[in-house]
Structure formats: structure tokens, C-alpha cells
Amino acid sequence: MQNVFEGNVPLNTVLDTVLEGIVMINSRGEILSFNKAATQIFGYQPEEVMGLNVNMLMPEPYHSEHGAYIHNYLETGSRKVIGIGREVSGRRKSGEVFPMELGVNDMIVGEKRVFVGIIRDMTAQKNAENALRGESLRLLAIMNAAPGGIMTVDITGTITSVNTSLLKIFDYEESELIGQKIEVLIPEQYLSKHQQDMSQYMLAGGARQMALGRDVVGKRKDGSVVPLEIGLSKTKLPDGKMQVIAAVQDCSLRKSLESQRERLIQKLAESNTKLERFAYIASHDMLEPIRMITNFSALIKSDYESLLDEEGKEYLDVVINSGGRLKDMVDDLLAYSRLESDNTQMRDFDGQELVSGLLGNLRRLIEERGVEITCDQFPTLYGNPVQLLRLLQNLVANGIKYQPENNVPRIHMGIQDQGDVWQLSVTDNGMGIKPEYLEQVFEPFRRLHSWDQIQGVGLGLSICKKIAENHSGRIWATSTPGRGSVFAFTIRKYALTNQ
Ligand code: ADP
């Protein structure tokens, strides 16, 4: 050994092959040897440090305290500074302070005490550790920010981590759940089913991700049951063990809203049926007294008119007119409320029947007004022919009715094949409708004209809408005020037999 320190070459050559930095000092702290790895770690060449105090390689507070440590050791033999694998800081030539692992040993060489420091630069490891710690902090933050519950469970069914939302769902503290078996969160009556499901899930090979997304129930700390939706996925941890990640959603609010909505829909349907029944019965029962009024006022007119003065005759005309109007209204109301129950009569029929039926029914009106009416060739259609005749006839009658004075009404009935549906349309050259009213005209009793101007009940287009809907279709209007309107509706084609 003596030879080594005097001659120096062979030991240094050996030390240069070591991957750790090795620095030897004497009891005064002066550097005796500085290997290649130490040069790489600290940035000094051996000749820059030889004979200098080793505290030049240390930042504060080690820099100032180092001499005292050595002194203390020499006095008392206490190994305060000298230890194995301590984590301390070093200082490079550039001034940069870095984390290092330091092991120190002492030995006697030629009656002199020599300290050997073995140094490992921990910068890369520290950086990796910090990155890992940052990543897990980031994951923890994401987990806790998630609005749904998240937990991880190991292969034995033990809960290994939980997020804040999960604790809220089950009303537990984190320390009460970590390390517990998953069964604490499952109501007793579902336990055996759960165990079966879980072992099947763990055994299922292939896909690493599997979301069940099904409705299940969980048990809160107080024993109450909470409806849940659960998504599961499993991953293999670096140690080869499986881990299940469960995403848990509390569905109590959704469930109660759903059942509230269902109850409301049911109530609405019931009250609609009642209302329609009421409208039907009321209008049906009203027909008889209305008929009395119209019949008897007609009798008064024919048998007693001569007994009335001019004013009396005028009053009688008002009664007769109003009675007629009332009858029209009740007839339409009755037709409207009957439509719902009359959609069972669907069948294939010749579309041309619609056209000829309509021309027959409206012949007088067409002749009186000198209407020019044209029509596409109608194919076989599927639906309720009585309802569809009513629909088309209402549209054509409106096209003739809503015309500027002295205009010759021109009406075209069209049909277009649109794949799954037929689109039928009635085009007129009438007064048209302002854009803001195009949707409103389909509402019951919505009229754009006073009765004195143009007579009508205001239910015709509502009836049309209901009929189109009975045929799984829809109805709409387009119009240019002053030039005319197009009313179009669709009806479902049924299978190929309708071609
Ligand atoms: P009614 O004709 O008995 O008033 P409808 O429900 O058939 O009731 O029509 C509602 C309103 O829509 C009518 O009062 C009228 O103002 C308007 N309307 C309907 N068809 C046309 C049309 N072809 N041209 C212009 N306006 C129309």
C-alpha cells in the first residue's frame, strides 16, 4: 500500500476503472486521490484538487462543518459524518449543487489515517423520482377532480385506492376503506352474485379493458342502498399482479328523475285521454240541442217570418247563422277527437280514389269558383283512406277559400317518391301566409282571418296535422304572401306492396 501512495500509478489506474467517484483524503481533509469518475461528477481535473481541502466539493452547511466532523471523529471515534450510503449534496466546479450518495471508510496507510469517499451522482435518479412523484400527484389530482367515484381493487378484492367522489357516494373516510374488502360496499343480498361476476371478470382473458356500464346497487356506510352505474377495467401492474379499476356513478338522482318523468308522462297521457273523451262526449251531446236550434229557427223562418218585423227577421237570421256556425264547430271538434281512436283502418288503396273522391266532394265549390285544378298520377298508397281524403280535401278547400277577390284559384295536387315515405302537396295561387304564422296555423282554433271576412272554425289544419301524424308523417307549409302557398305532408309507405 505504501508503495501505492508513493508510486501512485497502479492504484489510480485501478480506481479509474471504478464507476463510482472515489476521493481519498488525509486527516486534515486534504485530497490525496481523485479518480476519473470523480472528475466526471465534479468537473475538476485531479491536478486542480490535489492537496486542497475536500470541503471545496461540498456546498454549505457541509462546507463549513466538514473540518469539525473529521476532528470530532478523530477525537471520539464517533462516525457522525462517516457512514454508508448517506444522501448528501455535492458541489460541482460550475457551482451547481447536486444530490449524491456518499459512503466513507477509513483505513490506516503507513500509520497515517486515510479516508476514502465513494460517491454516486444521484441527479438522474432524483430527476426520475421527481418526475414519478409529479406524475402520481397529477394522477391523484385528476382522480380527485373526477365527478364520478374511482377506486382500485387488487386481485384479492382489497380496496387499494379511492377518490374523493367515491368517498362521498358511500359516505366513508379514506382510512375506513383502504385495505378493506370490496364487499363492505355491497348489500348482503348481492354478495354471492358479485363474487361470481368478479371471478368471471378476473378470469376473462383477452381484452385488457372491459366496461360493464350496467346498473347495480351499492351499500353506504349507514347500510342504505345506492343505485350505481359501474365501469370496470383491469390492468397488470409492473409486479405482474392484476388490478381492477372501477368507475362508479351514483344514479340516485337520475333514477328518481326518471321515475318522476315516467309518472308525469303517464299522468299526461291519462289526462289527455280524459280530455279527448270529454271533448268527444261534450261535442256529441251538444249536437242534439244545436240541431233543435237550427231546425226550429228554420221552421220559424219558413212558417212565421211574415209575422216578424224587419228587426225580428234580422235577429232570426243571426240565430240561424250562429246555429250553423256552432254546428260546424262541433262537427269539427267531434272529428278531431275521434281521429285518435280511428287509426286502425290502415290498408293499401288506390291513390287515384283519393283524387276522384275529393273532386266529387268539392265539385260544387270548384264549379262555383271556376277553379283550375291539376293533379299528378297517384300510385297505390298505404293508410287510412277516409282520413287521408279528409286531409287532402281540407288543404284543397283552404287553397280555394284563401284567395284574393276575383282571383281564379289554381290548385295542383302533387306527389313525390321520397324513399321510405310519399310526400304529397297542395299548391295554390292564393293570398299566402306570412312566415311568422306558418307554424301557428296548425294549432287548434288558430285563424288568421276573422269569421266575417272568411268563414271557418280554425280546426281544419289541426285535423290535417293529426292525420299526418297518425300516418307517421309530418305536415308543413311554405308560402310567399300575395303569391300562394304550398302545404306538404308525408305518409309512410308500407313495404314493397305500396309501389
Ligand atoms: P279554417 O280554415 O277553418 O280557419 P284551418 O285550420 O284550416 O282553419 O286554417 C287555419 C288558418 O290558416 C286559416 O284561418 C287561414 O288564416 C290560414 N290558412 C289555411 N290555409 C291557407 C291557405 N291555403 N292560404 C292562406 N292561408 C291559409
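Colleague: Let's begin with the overall layout. Which domains does the domain assignment give the chain?

Modeller: Keep in mind that this is a predicted model. The assignment lists domain 1 (11–121), domain 2 (133–250), domain 3 (256–338) and domain 4 (347–498).

Colleague: Now the pockets. Where does the largest pocket lie?

Modeller: Look at who supplies the lining. Domain 3 (256–338) and domain 4 (347–498) both contribute residues, so the largest pocket sits between them. Its space comes to about 880 Å³.

Colleague: How many residues line the largest pocket, and which lie nearest its centre?

Modeller: There are 38 lining residues, and Asn398, Lys401, Tyr402, Gln455 and Gly456 lie nearest the centre. Elements giving two or more residues to that lining include α11 (310–339), α13 (363–369) and β17 (484–492). The largest share, eight residues, is from α14. Sorted by class, the lining has 16 nonpolar, twelve polar and ten charged residues.

Colleague: And the nonpolar core, how should I think about that?

Modeller: Here's the general idea: in soluble globular proteins, nonpolar side chains tend to be buried together. In this model the largest nonpolar core has 37 residues, and Leu391, Leu392 and Phe489 touch the most other members. Again α14 gives the largest share of this core, with six residues.

Colleague: Which residues is Leu391 in contact with, leaving aside its neighbours within four places in sequence?

Modeller: Those are Cys464, Ile467, Ala468, Ile475 and Phe489.

Colleague: Is α15 mostly covered or mostly open?

Modeller: Mostly covered, as eight of the eleven residues in α15 are buried. Just past the end of α15, Ser472 has a positive phi of about 55°.

Colleague: Let's finish with a single residue. Is Glu310 buried or exposed?

Modeller: Check its relative accessibility: exposed means over 50%. Glu310 comes out at 57%, so it counts as exposed. You'll find Glu310 in helix α11.

Colleague: How far apart are Glu310 and Arg410 in sequence and in space?

Modeller: They are 100 residues apart along the chain, and 41 Å apart in space from C-alpha to C-alpha.

Key
Residues numbered from 1 in each chain as written. Predicted model: local features only at pLDDT ≥ 70, side-chain atom pairs only at ≥ 80, totals over all residues. Heavy atoms only, no water. 1 Å grid on protein atoms, 1.4 Å probe; cavity = no way out; pocket = protein on both sides within 12 Å on 5 of 7 lines; lining within 4 Å. Points joined across faces, edges and corners; volume = space filled by probe spheres on them. Helix = DSSP H or I, 4+ residues; strand = E, 2+ residues; numbered from the N terminus. Nonpolar A, V, L, I, M, F, W, Y, C, P; charged D, E, K, R; others polar. Domains from an automatic or database assignment. Core = buried A, V, L, I, M, F, W, Y, C linked by side-chain atoms within 4.5 Å. Buried < 20%, exposed > 50% of the residue type's maximum accessible area, 1.4 Å probe, protein only. Contact = heavy atoms within 4.5 Å.
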